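Please look through the sequence and the structure shown here, and then follow the questions and answers below. Each answer works step by step towards a value or a name.

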Amino acid sequence: MAYQVLAGLTVALHACFALFVIFGGLALYRFPWVAWLHVPAVVYGILISTISWSCPLTDLEKWFRGLAGQGPYTGEFLPQYLWAHLGLTGSEPIVGVCLIAILLAINLRPCLGLAAG
């Protein structure tokens, strides 16, 4: 039971990290120091999505699920919890292009505003 809870907490942490990567730039308007955390997180998120790196949080979740006696899923976090619900596998080129476009659309203006100001 404890391993199931730890797997669930890992999923929650992973979701928070993904949301920070996507929307963290908006925090720069109020807290400019967040750029030191957000910019590397965005770069890491793009690299994981585009060159098929394995995310350590996904590996940790799968490990906890294995210890809990559950069969771990194959693949990564976003394809499992997001893309599959949209009818995608995550390997379609349009998914990567859209993810990068969304990241830039949400985060470029706050980052440029911080650099200019």
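Q: Which helix supplies the largest share of the nonpolar patch?
A: In this predicted model, a nonpolar surface patch of about 800 Å² is formed by M1, Y3, V5, L6, L9, L60, W63 and L67. Two elements, helix 1 (2-23) and helix 3 (56-67), each contribute at least two residues to the nonpolar patch. The largest share amounts to 4 residues, and these come from helix 1.

Q: Is L6 buried, partly exposed or exposed?
A: L6 is one of the residues that make up the nonpolar patch, and its place is in helix 1. Its relative accessible area is 32%, and a residue counts as buried under 20% and as exposed over 50%. The value for L6 lies in between, so L6 is partly exposed.

Q: How are helix 1 and helix 2 oriented to each other, roughly parallel or roughly perpendicular?
A: Helix 2 covers residues 35-50, and helix 1 packs against it at an angle of about 105°, with the two axes 9 Å apart. The contact between them involves F17, F20 and V21 from helix 1, together with L37, H38, A41, V42 and Y44 from helix 2. Angles from 65 to 115 degrees count as roughly perpendicular, and therefore helix 1 and helix 2 are roughly perpendicular.

Q: How many helices does the secondary structure of the chain have?
A: Reading from the N terminus on, the elements of the chain follow the order α-α-α-α-α. The secondary structure comes to 0 strands, and the number of helices is 5.

Q: Which residue forms a salt bridge with R65?
A: A search of the whole structure finds 1 salt bridge. The closest N and O atoms of the pair are 2.9 Å apart, and the partner of R65 is E61.

Q: What is the relative accessibility of E61, and is E61 buried or exposed?
A: R65, which forms the salt bridge with E61, has a relative accessible area of 17% and is buried. The limit for buried residues is under 20%. E61 also counts as buried, because its relative accessibility is 0%.

Q: How far apart in space are Q4 and G69, C-alpha to C-alpha?
A: Q4 has its place in helix 1, where it counts as partly exposed at 35% relative accessibility. Leaving aside residues up to four places away in sequence, Q4 touches A68 and Q70. Although Q4 and G69 are 65 residues apart in sequence, their C-alpha distance in space is 9.0 Å.

Q: Which residue lies 80 residues from A27 in sequence and 9.7 Å from it in space?
A: A27 is located in the loop between helix 1 and helix 2, and with a relative accessible area of 27% it is partly exposed. From C-alpha to C-alpha, the distance in space is 9.7 Å, and the residue 80 positions away in sequence is N107.

Q: What percentage of the residues of the chain count as buried?
A: The chain exposes about 7,400 Å², and carbon and sulfur atoms supply 74% of that area. Among contacts with a separation of 6 or more, 56% are between residues 24 or more positions apart. The chain has 117 residues, and the share that counts as buried is 26%.

Key
Residues are numbered from 1 along each chain as its sequence is written. This is a predicted model: local features need pLDDT of at least 70, side-chain atom pairs count only at pLDDT 80 or more; totals for chains, interfaces and linings use all residues. Side-chain values use heavy atoms; hydrogens and water are left out. Patches are made of residues with over 30% relative accessible area and no salt bridge: like charges are joined within 9 Å, nonpolar side chains (Val, Leu, Ile, Met, Phe, Trp, Tyr) within 5 Å. Accessible areas come from the Shrake-Rupley method with a 1.4 Å probe; for residues, only the protein chains shown count as cover. A salt bridge is a side-chain nitrogen of Lys or Arg within 4 Å of a carboxyl oxygen of Asp or Glu. Buried means under 20% relative accessible area, exposed over 50%, partly exposed in between (1.4 Å probe, protein chains only). Axes are lines fitted to C-alpha atoms, for helices over the stretch in contact, and angles run from 0 to 180 degrees between N-to-C directions. Angles under 35 degrees count as roughly parallel, over 145 as roughly antiparallel, 65 to 115 as roughly perpendicular and the rest as oblique. Contact means heavy atoms within 4.5 Å.
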